[in-house]
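Q: Hi! I've got a structure open and I'm new to this. Could you walk me through some parts of it?

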Amino acid sequence: MATRVRRTTLTLPAAPLGPDNPLPALRGGQDLHRIEIPQDAGLPADMARQIGCAPLRSVLPTRMRDGYGRTRRTTDLDALVIENDRLRATVLPGLGGRVYSLHHKPTGRELLYRNPVLQPAAFALNGAWFSGGIEWNIGATGHTTLSCAPLHAARVPAPDGGEMLRLWEWERLRDLPFQVDLWLPDGSDFLHVGVRIRNPHHHTVPVYWWSNTAVPEDEHTRVLAPAEEAWHFGYERTLRRVPVPHVDGADRTYPLRSEFPADYFYEVPDGARRWIASLDADGRGLVQTSTDTLRGRKLFLWGAGRAGRRWQQWLTEPGTGGYAEIQAGLARTQLEHVPLDAGGEFSWLEAYGPLETDPAAVHGADWGAAREEAAARLAAVLPRADVDAAYAAWLPYADHEPKEPLATGSGWGALEAARAGLDLPGTPFDAATLGAEQEPWLTLLRTGDLPDARPVPGPALVAPAWRELLESARPGPATDYHLGLAQWHAGDRAQAVRSWERALGQGGGCLPLYCLAVAESVAGETGRAADRYAQACAEAARAAAGPDPAAPDPAAREWRAVLPALVREAVPALLAAGRPDEAAQLLAGLRQTDPADGRFRLLTAQVLLAQGQPAAARQVFDAGFEVAGLREGDEVIADTWYAIAERLVAGGGPVTEQVRAEARLGHPLPERYDYRMRPV
């Protein structure tokens with residue numbers, strides 16, 4: 001059959017994403033990838049430079065996506081299918097362009113881990129993410145902010161005369177356009193993927209890219225790559241060079257032979273072919289290979305420990321199989337960012353397909369023989385020269401204009417095109433995609449002034465060009481509020497505080513107060529931060545009540561969405577300042593909030609503990625709750641549990657080391673609350 005692209009509908013149990021958090025994302029969040037590098041680590045020079053290259057201070061200008069829960073309902077998802085007579089790939093353009101499924105027709109095998117549910121979890125840089133399939137990560141270390149966002153999609157001509165599916169979008173953390181072209185050459189067993197990232201600016205930009213592929217996992221699954229060494233990153237936040245396959249007495253190329261989650265970044269020798277494969281007990285599975293620009297290869301494993309298994313259940317349905325991830329990136333590790341010169345581009349070709357090997361060889365004790373077997377079988381079904389030739393054939397088609405739109409992404413690329421007059425062949429950012437979120441900024445661009453019309457200020461823009469426009473605009477609450485965000489993003493925190501003070505003096509409402517509270521908190525002014533948080537919550541509560549509580553008021557509805565988000569941040573600030581009674585009053589005032597929301601149940605337990613009521617705090621845990629937005633690696637639930645246990649054991653006395661030991665022995669953390677990703 002001729003290769004074709006078509007629309008379809010995928011029906012899954014899915015938890016709705018819900019609204020984005022209305023508060024600006026000023027904080028950098030929990031940095032899971034902060035590392036301690038031993039002096040004798042022996043990092044290559046380029047790796048050492050790139051590890052410290054342009055770390056994010058926050059995820060501005062994006063917003064946090066934390067409005068989801070864990071109640072799933074049957075949902076129809078728009079999907080796009082590209083297939084030939086050998087393979088069928090199913091893509092979700094509305095969810096980051098994720099390749100949800102890769103089905104090999106001759107054998108009837110699913111080559112990817114295909115999650116039977118869509119359950120968001122707080123793994124992306126800005127929150128919502130889900131497991132399974134092949135994802136395209138761009139921006140900064142971590143899962144992309146586009147994990148659960150729509151991309152533009154269209155049909156374009158393929159190099160072999162058939163059809164190709166193009167995905168593209170404007171990535172806002174680094175302000176870069178990118179595209180992903182997927183096609184299936186006639187009769188091919190391999191999905192071809194051409195990727196291009198362009199820098200249309202007049203300055204160098206740090207670039208991050210990793211293609212992450214979830215693969216089925218069991219006790220026989222083995223991951224192979226052409227390497228004898230790897231860089232091991234564990235959630236103890238250390239990076240060290242280790243041999244492959246045996247580390248600390250176990251063969252870590254079998255994901256279930258580790259206890260805790262870990263990353264292994266393989267040191268693929270210069271000149272060697274770039275590939276990675278996941279194979280089952282019969283020596284069959286998925287292989288990924290690419291042109292040399294995509295140099296890095298990695299295994300991520302959850303491990304066989306209790307917490308790793310708990311996370312696997314959290315991301316899907318209990319009783320379903322687990323997964324590991326095989327990944328490929330621009331750098332050796334995901335801790336690095338690669339500089340892209342002004343006006344330059346990175347482009348490469350990836351290929352994904354089935355691999356069949358001799359199981360005795362790939363599961364034998366000889367690591368070299370296992371690698372050679374996989375490499376030889378890959379060379380037989382997809383020679384390295386064929387990948388290079390496919391890349392060369394694709395490049396002229398990367399600029400071909402889409403001939404039929406299939407899905408629509410955001411309007412941010414169109415706004416940047418309007419501001420800078422960008423010409424980006426192959427990835428049109430049409431003015432028709434501009435929407436309500438871009439409208440105030442379009443007004444600023446056209447008139448020089450930012451309107452103050454909306455009750456709750458909308459999404460931000462913080463790049464230098466937009467900051468300059470804000471600095472030239474007529475002062476006003478919205479202008480000064482957004483100018484403060486741009487200044488904060490640039491690291492000019494004193495100027496940001498002055499801008500937010502001006503916005504507050506002009507009736508800017510609770511959001512400038514919130515920003516000032518964060519600034520005080522970051523500066524270590526605990527008491528003043530608590531004061532600002534309390535003021536912000538009081539102001540939001542007044543706005544949420546509206547002029548007439550009995551009458552519907554659109555502005556009040558908007559502020560009602562702000563208040564719970566404010567309270568979630570204000571309560572910890574009040575506790576840090578030693579003001580638990582005020583924190584309790586804030587929680588009690590949230591009458592419209594779902595009492596089953598685990599975020600507020602956890603805060604309630606923390607407040608009760610701070611009020612000297614550990615038994616009541618323990619009852620909150622005993623009754624059970626789930627924090628849908630629990631971040632990857634966050635240990636707050638375990639920390640709170642043991643803090644309660646220590647107070648119960650100590651009674652009214654001091655918490656000594658003996659008390660801590662007795663608390664851990666007498667009050668073990670229940671499995672349902674164990675999400676620790678590192679040794680205790």
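A: Happy to! Let's begin with strand β12: L191, V193, V195 and I197 point one way from it, H192, G194, R196 and R198 point the other way, and all are buried. Buried means under 20% relative accessible area, exposed means over 50%, and partly exposed is in between (1.4 Å probe, protein chains only). Strands (E, at least two residues) and helices (H or I, at least four) are DSSP runs, numbered from the N terminus.

Q: Before we go on, what sort of model is this?

A: It is a predicted model, where local features need pLDDT of at least 70 and side-chain atom pairs count only at pLDDT 80 or more, while totals for chains, interfaces and linings use all residues. Residues are numbered from 1 along each chain as its sequence is written, and side-chain values use heavy atoms, with hydrogens and water left out.

Q: Back to β12, then. Why is it largely enclosed by the rest of the structure?

A: Eight of the eight residues of β12 (residues 191-198) are buried, so the strand is largely enclosed.

Q: Which strands does β12 pair with?

A: Strand β11 (residues 176-183) runs antiparallel to β12 and is joined to it by six bridges. Strand β26 (residues 345-356) also pairs with β12 in the antiparallel sense, over eight bridges. Two strands pair if DSSP finds at least two bridges between them.

Q: What about strand β24, is it mostly covered or mostly open?

A: Mostly covered: eight of the eight residues of β24 (residues 322-329) are buried. G322, A324, I326 and A328 point one way, with Y323, E325, Q327 and G329 pointing the other.

Q: And which strands are its partners?

A: Strand β14 (residues 209-217) pairs with β24 in the antiparallel sense over eight bridges, and E217 stands opposite G322. Strand β23 (residues 296-301) also runs antiparallel to β24, with five bridges joining them. There, G296 has G329 as its bridge partner.

Q: New topic: helices! Where is E373?

A: E373 sits in helix α4 (residues 367-381). E373 has a relative accessible area of 15%, so it is buried.

Q: What does its side chain reach?

A: The E373 side chain reaches the backbone nitrogen of D358 at 2.8 Å. The side chains of E373 and R377 are also joined by a polar contact of 3.0 Å. A polar contact is a pair of N or O atoms within 3.5 Å; within protein, one must be able to donate a hydrogen and the other to accept it, and residues adjacent in sequence count only if both atoms are side-chain atoms.

Q: I also clicked on H363. Is it buried or partly exposed?

A: H363 is partly exposed, because its relative accessible area is 24%. You'll find H363 in the loop between α3 (359-362) and α4.

Q: How about R676, buried or exposed?

A: R676 counts as buried, because its relative accessibility is 15%. R676 lies in the segment after α18 (657-666), and a polar contact of 3.1 Å joins its side chain to that of D674.

Q: Last one: how many cavities are there of 30 Å³ or more?

A: A search of the whole structure finds seven. A cavity is a set of points, on a 1 Å grid over the protein atoms alone, where a 1.4 Å probe fits but cannot get out; lining residues have an atom within 4 Å of a point. Grid points are joined across faces, edges and corners, and a volume is the space filled by probe spheres set on the points.

Q: What's the volume of the largest cavity, and what lines it?

A: The largest cavity has a volume of about 50 Å³. Its lining has 13 residues, with P24, R63, G458, P459 and A460 nearest the centre.

Terms used
1 Å grid on protein atoms, 1.4 Å probe; cavity = no way out; pocket = protein on both sides within 12 Å on 5 of 7 lines; lining within 4 Å.
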